[in-house]
Amino acid sequence: MINIGKKGSLRRGTTYLKYWDLYLMLVPALLFILVYKYLPMYGVVIAFKDFNIMKGIMNSPWVGLKHFQELFTFAEFPRVIRNTVVISLMKLAFGFPAPILLALMLNEMIFSRFKRLVQTVTYIPHFISWVVVGGIVIDLLSPSSGMINKFIEQLGFEPIFFMSDERYFRWMLVITDNWKEAGWGAIIYLAALLGINDEIFQAAKVDGANRLRQIWHISLPGIRSTIVILLLLRIGNVFDAGFEQILVMYNATVYNVADIIDTYVFRVGLGQMQFGLTTAAGLFKSAIGCVLLLIANSIARRSGEEGIF
Amino acid sequence: MIRTRSESIFQYVNAALLTLLSLSIILPFIHIIAKSLSSEAYVLAKEIVFWPKGFNFLSYEYVLQNKQFYHSLTNSIFLAVVGTLISMIITVLAAYPLSRKHLPLSRMFMLLIIITMFFSGGIIPTYLIVKETGLLNSIWSLILPVALSPFNLILIRNFFQAVPDSLEESARIDGASNIRVLMSIYLPLSVPSIATISMFYAVGYWNSFFQAMMYITERRWMPMQMYLLQLVTDERTADLNISDVFREITPETIRAAAILCAVIPILCVYPFIQKYFVQGIMLGAEKG
């Protein structure tokens, strides 16, 4: 229908002009991302500067890699990296299979009303903020007044300081993250499961396969590509261990096991105005995240899956 | 349907597990509701489980007559309504041209937007830009930097792409402009996905707190979640000035009541939108 100019800028110019109204519609969106996404990307140069708030980004003096050297020789930094990776991997190991399991269970449920009810209930927490979830969790687990500890005491045990004990805190992060997001995560697998041809199940039934065998040999392979893509996305985001969640749930007694790159940058960067140093930490995180994502994507493509992009 | 013995055992076990799971989500809320409606003595004695004792509404009265609560509530409602409106306008306006496959450069613009999902300047540079654009301590600092969500944009764009071309062509023959086509063909056809994405944005604005932690220091501009966070994390709940009328309540019951006040608006919108969003997100995911 449309004849995009053969050669010559005049023709191409008129093509653009022809769509001026479409381009105009794009302007607000582009303006927002330019100012609030791309300008901050330029702002990362302060990782290489001695940033002075009076002088601004442009006029602060360059210091090269000073902040990075400082960062890597810093006692806290390895700890922060370790926490980020450990928490993230724990969430991957225990949180990734959960929505798949839930979707399989929901898919096998034959009472459709009950199925819909469970589905509705399980994804409600996704829409509730971490502040509220954190509030509820802290309240339930409180050693002095929490319901859970009351039961533990009634069973004759000592109360457990779930939120301020280094042994338990990370597990609390994993469990509450699952509690909040598993139902929502199951939606996409359910969609994929619905796409599997019912005749395959019928045939398996005729051959005498029970439910578990059907799940193993039909359902799971049927959603394999969805699983792979989401798994790769998760691996690409290994440096995002759950900023908002930890911000709400942690406290000074568990910094040792709970402080991740993001919370560290937030607390030390804004709290103690260490702009250059913490920007370097943030940049380090962003860069590694990007590399991981690219690697994950190329693995996906090579193994014959569609990949993320 | 013929059911074997193992088949029905499977069904029972499955149903039991799913019921347990649902209870694990519902019961904490019931506990909080019970607490918020109970009186001090029973809460301190840890006697409240799922049923209130010493039933009263004093905590709610306290929360609802608190000045800061009102400021925060107003801010959050403003955020959710105005923020969502702005976000939807720029998202839909951008999604339409980006869904036109024949538009030159549209792939490049899309890429520019998607990159921001994977790479960002980080917390500090973003803070500095917000500061330099003069938004510190203003409600706009919670809207403008996050006004466009690339993820939501992709969902709407995919929905637009799925609209059959023939509809548009017939409108074109009648001489409709692009804006006209968007308004009178695409928008009415996309009600489910528009409703879903509006809900995503609204929930996002309503629930956001970490931006408020960075950009807002004046109490007057604190949104609901920020106020809640202070209630939740501050054990002493310092600003509670409990007068004689409210002797029956404790920081705990007030916290419970405030948490519920912040959740109720979402739970009210949820059933209306819910029927759309599974459909909405699936359509988006299919081609994503």
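**Chain A against chain B**

I started with the interface: chain B and chain A bury about 8,300 Å² between them, with 78% of it on carbon and sulfur atoms. Buried area here is the accessible area (1.4 Å probe) that two parts lose on being put together, summed over both. I keep in mind that this is a predicted model, where local features need pLDDT of at least 70 and side-chain atom pairs count only at pLDDT 80 or more, while totals for chains, interfaces and linings use all residues. Residues are numbered from 1 along each chain as its sequence is written, chains are lettered from A and ligands numbered from 1 in the order in which they are written, and side-chain values use heavy atoms, with hydrogens and water left out.

Next I looked up who takes part: 89 residues from chain B and 85 residues from chain A, contact meaning heavy atoms within 4.5 Å.

How many salt bridges run between chain B and chain A? I found 1, the rule being a side-chain nitrogen of Lys or Arg within 4 Å of a carboxyl oxygen of Asp or Glu. It joins the side chains of Asp139(A) and Lys35(B), at 3.0 Å from N to O.

**A helix pair across the interface**

I then picked helix H2 (residues 20-43) of chain A and helix H6 (residues 123-132) of chain B, which pack at about 120° with their axes 8 Å apart. Helices are DSSP runs (H or I, at least four residues), numbered from the N terminus. Axes are lines fitted to C-alpha atoms over the stretch in contact, and angles run from 0 to 180 degrees between N-to-C directions. So H2(A) is oblique to H6(B); under 35 degrees counts as roughly parallel, over 145 as roughly antiparallel, 65 to 115 as roughly perpendicular and the rest as oblique.

Which residues meet there? From H2(A) I listed Val35(A), Tyr36(A), Leu39(A), Pro40(A) and Gly43(A), and from H6(B) Pro125(B), Thr126(B), Ile129(B) and Val130(B). By class, that contact has 7 nonpolar, 2 polar and no charged residues. The classes are Ala, Val, Leu, Ile, Met, Phe, Trp, Tyr, Cys and Pro as nonpolar, Asp, Glu, Lys and Arg as charged, and the others, Gly among them, as polar.

**Inside chain B**

Helix H4 (residues 67-99) and helix H9 (residues 178-189) of chain B pack at about 105°, axes 11 Å apart. They are therefore roughly perpendicular to each other. Val92(B), Leu93(B) and Tyr96(B) are the H4(B) side of the contact, and the H9(B) side includes Ile179(B) and Leu182(B).

**Inside chain A**

Helix H16 (residues 261-271) and helix H17 (residues 275-302) of chain A pack at about 165°, with axes 9 Å apart, and are therefore roughly antiparallel. Their contact includes Tyr264(A) and Val265(A) from H16(A) and Phe275(A) and Lys285(A) from H17(A). By class I have 8 nonpolar, 3 polar and 2 charged residues. Met273(A) is in the loop between these helices, with a positive phi near 55°.

Conventions. Helices (H or I, at least four residues) and strands (E, at least two) are DSSP runs, numbered from the N terminus.
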